[in-house]
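Here are my notes for your read-through, point by point. Have the model open beside you as you go.

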Amino acid sequence: MGRVLRWLGVSLGLFVSIGIGLGGGCAAGGSNRPGSGGDGGEGGSGGSGNQGPVGPGGGGVGGFGGGVGGGGPACAKFTAEAQQAPAAMLTVLDASASMNKSSKWGTAQLAIKSAIDKDVFDTMSLGLTVFPASFINPPPCICSYVGLDQATCNALLAPGVSCGISVLPQVPVAPAGKDKTNAPTGVRRQMYDWLVGHPPLSNGDDGSPIYDALKAGYESLKTENIARRMLVLITDGGFSCTSVASPARPGYADDYSCPDWEYPDSVNALIAGARNDPNKPIFTFIVGVPGSNSTGVDVDGFATPPYNMLLALSTYAVSGSPDTVDPSCDKGAAFTQGAPAPAKPCHIDLSNGAQFNADALAKAIADVRGKALGCVYDLPPPPPGEQIDKTQVNVNLTLDGMLQNLKKRTDPLDLCPQDGCWDYTPDGKVQLLGKACEGLGAATDVKVDIQVGCETILK
C-alpha cells in the first residue's frame with residue numbers, strides 16, 4: 001500500500017469515493033521388428049508395413065480389432081484406444097489491477113481458450129476461479145492510519161478494497177466432453193464467456209487475495225468425486241490482503257504498518273496441506289507471468305511484497321507437486337526474506353515479457369495437464385473371452401497424426417528423455433515417459449492405442 005498516499009492525496013479533505021490499496025499485490029509384435037503389410041482387422045483396412053505400428057495388423061480406431069493403420073503378424077488379438085484416468089483441473093486466475101498492464105489480461109484470455117480447446121482436455125473436468133471477486137470494507141489499520149473511525153472510513157473509502165473472493169468457482173468444475181469454446185453449451189464455453197465478459201476487478205488498489213482464492217479452490221476440488229485433482233494458479237505475483245484475513249494470520253507490514261503481505265511460509269503450508277490430504281490430495285501448479293519477478297520495488301505503479309517473488313513462487317511449485325517440477329530446477333531453495341531468486345525457478349516462469357505470449361501461456365497450461373496426470377492410462381478391458389497378458393502389450397502413440405511405436409523400458413532409472421518410452425505403474429497402468437509424455441501437452445490431437453497379443457517390444 002505504499003503508493004496509496006500518492007493515490008489518495010495528502011489532504012484527505014475530500015468527501016469523494018476513494019479506494020485504498022492494501023499493499024498492493026504485485027504488479028507485480030510378436031517380434032521386435034516392424035511387421036509387414038497385411039489385411040486389416042475388423043475395424044479397418046491394413047496399410048503398408050513400414051508405415052504401420054510395430055507388431056499388430058491393421059484395424060480401426062476405438063474398437064477391438066487389429067492394429068491401427070498398418071499390417072502385422074497374426075499374434076495381435078485386439079487393439080483399443082486407451083483413456084486417461086478421470087481428472088479435474090481448476091484454473092485460478094489473477095484478475096488484480098496489475099493484470100490490466102502490458103496486455104497480461106488479454107493474453108491470459110487467449111491462452112486459456114487455446115489451451116482448453118485441445119482434444120487432450122476432452123476427458124477432463126474443468127473449472128475457473130478468478131480473484132479478486134468483490135470489494136470489501138478497508139481494514140482498521142488503514143482507517144487508523146488516515147485518522148478515521150471505521151464507519152466514516154467505510155463511507156468515504158467506498159467501495160473499499162478489492163480483496164473479496166468467491167467461495168465457489170465462477171465457472172463450476174464440470175466434464176469437458178467434446179464441446180469446445182465455440183459450442184453453444186459446455187464448461188469450455190462457460191469459461192470463455194466469463195473471461196470475455198469480466199475485466200479485472202479493481203479500483204486501483206491492486207488487491208491480490210491469492211491465499212484465500214487458493215483455499216476456496218481446494219475446498220471446491222475436494223467435492224469432486226474424481227480420481228485426480230489439480231489446481232493451476234496463474235498470477236503476476238502479489239499475495240496481499242492478509243490484513244483482512246479471517247481468521248487473522250501474520251503478514252509482512254506495508255507502508256501503513258498493516259500486516260498485508262502474505263508470509264510465504266503460510267502459503268507453502270496451505271499448498272502442501274492440500275497435496276498431502278490423505279483422502280483427496282490436490283496438486284498445485286504455479287505459472288508466473290510478467291510482474292511475478294518483483295523484488296519489493298514498485299512495478300507499473302503498484303507496490304510489491306518485500307521479498308523476491310521468483311523465490312516464493314518457486315517454493316510454492318515444489319510444495320504443490322514436487323515430483324513433477326523440472327529436475328534441473330533449484331528444488332532445494334528455501335524461502336527467507338532476503339534471499340535472491342533461485343538459479344532456476346521450479347515454477348513455470350513466464351515473467352520475461354519478451355517470452356510471454358498467448359502461445360507460451362497456452363503451452364504452459366497444457367504441459368501442466370500432462371505433468372499432473374503423469375501420462376498414465378488404464379489398460380483397456382479385453383473383449384469377452386479374452387485376457388491381457390502384460391508381457392504381450394505394446395503401446396502406439398499418435399500426436400497430431402504422427403505415429404510413434406513406443407518401446408517398454410527395461411531400466412527403471414531410464415527416463416527416456418530423447419525417444420520416449422513406456423512402463424507399467426505399480427498398480428498396473430500404462431505410463432508414458434520422457435519425450436512421449438512431454439509431447440502430450442504440445443499436441444492438439446492425441447491418441448494412445450494399447451495393442452494386445454504380441455510380444456512386448458523392449459527398449
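1. Let me start with a cysteine pair: C375 and C437 are joined by a disulfide, S to S 1.9 Å, where a disulfide is a pair of cysteine sulfur atoms within 2.5 Å. The torsion about the S-S bond is 75 degrees, making the link of C375 and C437 right-handed. The pair ties together distant parts of the chain, 62 residues apart: C375 lies in the loop between α9 (358-373) and β12, and C437 in helix α10 (residues 435-442). Helices (H or I, at least four residues) and strands (E, at least two) are DSSP runs, numbered from the N terminus.

2. Before going further, a word on the ground rules. This is a predicted model, in which local features need pLDDT of at least 70 and side-chain atom pairs count only at pLDDT 80 or more, while totals for chains, interfaces and linings use all residues. Residues are numbered from 1 along each chain as its sequence is written, and side-chain values use heavy atoms, with hydrogens and water left out.

3. Buried here means under 20% relative accessible area, exposed over 50%, and partly exposed in between (1.4 Å probe, protein chains only).

4. How many disulfides are there by this rule? The count comes to seven. One of them is formed by C163 and C241, with sulfur atoms 2.0 Å apart. This pair also links distant parts of the chain, 78 residues apart: C163 sits in strand β5 (residues 161-164), and C241 in the loop between β7 (228-235) and β8 (251-253). At -75 degrees about the S-S bond, the link of C163 and C241 is left-handed. Both C163 and C241 are buried.

5. Another disulfide joins C329 to C346, S to S 2.0 Å. Both cysteines belong to the loop between α8 (309-320) and β11 (348-349), 17 residues apart. With 90 degrees about the S-S bond, the link of C329 and C346 is right-handed. C329 counts as buried because its relative accessibility is 8%, and C346 is buried at 8% as well.

6. Now to the sheets. An open sheet of three strands is ordered β12-β16-β15, with antiparallel pairing; two strands pair if DSSP finds at least two bridges between them. Its edge strands are β12 (376-377) and β15 (421-424), each pairing on one side only. β15 pairs with strand β16 (residues 430-433) over four bridges, in the antiparallel sense. Within this pairing, Y424 stands opposite V430 in β16.

7. The hairpin of β13 and β14 is worth a look in your viewer. Strand β13 (residues 393-399) and strand β14 (residues 402-406) run antiparallel, joined by five bridges. L399 stands opposite M402 in β14. Two residues lie between the strands, and D400 takes a positive phi near 50 degrees.

8. Last, a helix. Helix α6 (residues 210-222) has 13 residues and reaches 18 Å from its first C-alpha to its last, close to the 18 Å expected at 1.5 Å a residue; the expected span is 1.5 Å times one less than the number of residues. Which residues of α6 are buried? They are I210, Y211, A213, L214, A216, G217, Y218, S220 and L221. As background, residues three or four places apart in an α-helix point the same way, because there are 3.6 residues a turn.
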